[in-house]
Amino acid sequence: MPDQKPPIPFFDLTRQWLEVSEDVHAALERVFATQQFILGPEVAALEKECAAFLRVKRAVAVSSGTDALLAALMTLEVGPGDEVITTPFTFFATAGVIHRLGARPVFVDIDPRDFNLDARKLAAAVSPRTKAIIPVHLYGQAADMDAIRGVAGSVPLVEDCCQAIGTEYNGVPVGGIGAFGCFSFFPTKNLGAFGDGGLVTTNDEALAERLVDMRVHGMRPKYVHHFVGGNFRLDALQAAILRAKLPRLPGWIAKRQAGAAHYRDLIARAGLEAKVRLPEELSGRGHTYHQFVVRAERRDPLREHLAKLGIGAEVYYPISLHEQECFADLGYRRGAFQESERAEAEVLALPIFPELRPDERACVVAGIADFYL
Ligand SMILES: *Cc1c(COP(=O)(O)O)cnc(C)c1O
């Protein structure tokens, strides 16, 4: 292992900035000239363009992915006494919003093949109090939506698409399958703003209209409030930046997928498949590789070894949500969700951002080989 290689960052937005800076500057100038900073025509245009890209009837831009989930659940009138089912192996926000509304997060273990909510275990968790189900398309691969829908019946599905913009489930973009799809434009997501941002999608016009009001304190018209909403508005500057970036998203996704295929090849050629098990691509689930996640033997020492070589690698997520202190009152014990607990000990995300070069991927795999062989 040559030790004079430059460090390989886990993620680096400065490379993408070189590609988009001209268009982003023009977009910002457009907003500066109007001095209209909240919602307005830029946000409306972004919503139209996102709805077209995601092939849904309506897209409503909001302040973050967390607020997308929160506003969606509020629109479905989730509250005290309700239960909302989701996975314990996700970013905190998915379950945090359930708790914030006074409802109870009910966890269902993951399928070890795709790290997503296991539809085979869902039926046992459904009760008369189940108000919604939040499948998460983790790492960019769609959950088993047909199977989940089959068990859910008429219970609305709120898709957490924060890691999966552009992913297609059997040819249908995620976000248009359930009652709502919730997206994040956090800077590190596959389509990132220059700050916080989010989006809610739906094919139900009535739900969309209610959500539009929810975004502005349940208000329509001005100063008339029908229900209590929030400030879930997106800035015009963020919308203008996202509009400059959206046309490039399919190309960036293709680069992530090509990077993933390259990793597979490199890891197989190095004879490392038994040590770092490759992510499975399930039929019809359309992985867009927000993360390229392997299951590694002796994961933590491997990660430390890579760090010493200047190679970034991250763990999503080191503590399942049922084990979090803030959810202790839900009464879950360690051992309750064994696949989630196994995953938290094994998963390691390798650098996969679109601008990562092939020689850098080769260096990452050489670093892994250096540890095991
Ligand atoms: C990023 C993310 C969120 C939250 O999005 P923010 O924009 O950071 O609020 C929710 N769920 C998942 C799965 C995410 O990855």
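# Reading a predicted model, one feature at a time

Q: Let's start with a residue: where is R298 found?

A: R298 is in the loop between β11 (292-296) and α9. Keep in mind as we go that this is a predicted model.

Q: And what is phi of R298 near?

A: First, the general idea: most residues other than glycine have a negative phi. Here, phi of R298 is near 50°, a positive value in a residue other than glycine. You can look at N170 too: it isn't a glycine, yet has a positive phi of about 45°. N170 sits in the loop between β6 (168-169) and β7 (172-173).

Q: What kind of peptide bond joins R220 and P221?

A: Again the general idea comes first: most peptide bonds are trans. The bond joining R220 and P221 is cis, with omega at about -15°. To find P221, go to the loop between α6 (205-214) and α7 (236-245). Another cis peptide bond joins Y316 and Y317, where omega is about 10°. Y317 lies in the loop between α9 (299-308) and α10 (338-346).

Q: Stepping back, how many helices and strands does the protein have?

A: The count comes to eleven helices and twelve strands. For the overall dimensions, picture a box of roughly 65 × 55 × 35 Å along the principal axes, filled by the C-alpha atoms.

Q: Now the ligand: how many residues surround it, and which are the closest?

A: There are 15 of them, and the closest are G65, T66, D160, S184 and K189. By type, the shell divides into six nonpolar, seven polar and two charged residues. α3 (65-75) and α4 (93-100) each supply at least two residues of the shell, and α3 gives the largest share, three residues.

Q: Which ligand atom lies 2.8 Å from a polar side-chain atom of D160?

A: A nitrogen atom of the ligand. Turn to oxygen atoms of the ligand, and you'll see a polar side-chain atom of Q163 at 2.9 Å from one and a polar side-chain atom of K189 at 3.0 Å from one. As for cover, the ligand taken alone exposes 380 Å², and the protein buries 93% of that.

Q: Which pocket is the space taken by the ligand?

A: That space is the largest pocket.

Terms used:
Residues numbered from 1 in each chain as written. Predicted model: local features only at pLDDT ≥ 70, side-chain atom pairs only at ≥ 80, totals over all residues. Heavy atoms only, no water. Near = heavy atom within 4 Å. Polar contact = N/O pair within 3.5 Å; in protein donor to acceptor, adjacent residues only side chain to side chain. Areas by Shrake-Rupley, 256 points an atom, 1.4 Å probe, with all protein chains shown as cover. 1 Å grid on protein atoms, 1.4 Å probe; cavity = no way out; pocket = protein on both sides within 12 Å on 5 of 7 lines; lining within 4 Å. Sits in = over half its atoms within 2 Å of the grid points. Helix = DSSP H or I, 4+ residues; strand = E, 2+ residues; numbered from the N terminus. Nonpolar A, V, L, I, M, F, W, Y, C, P; charged D, E, K, R; others polar.
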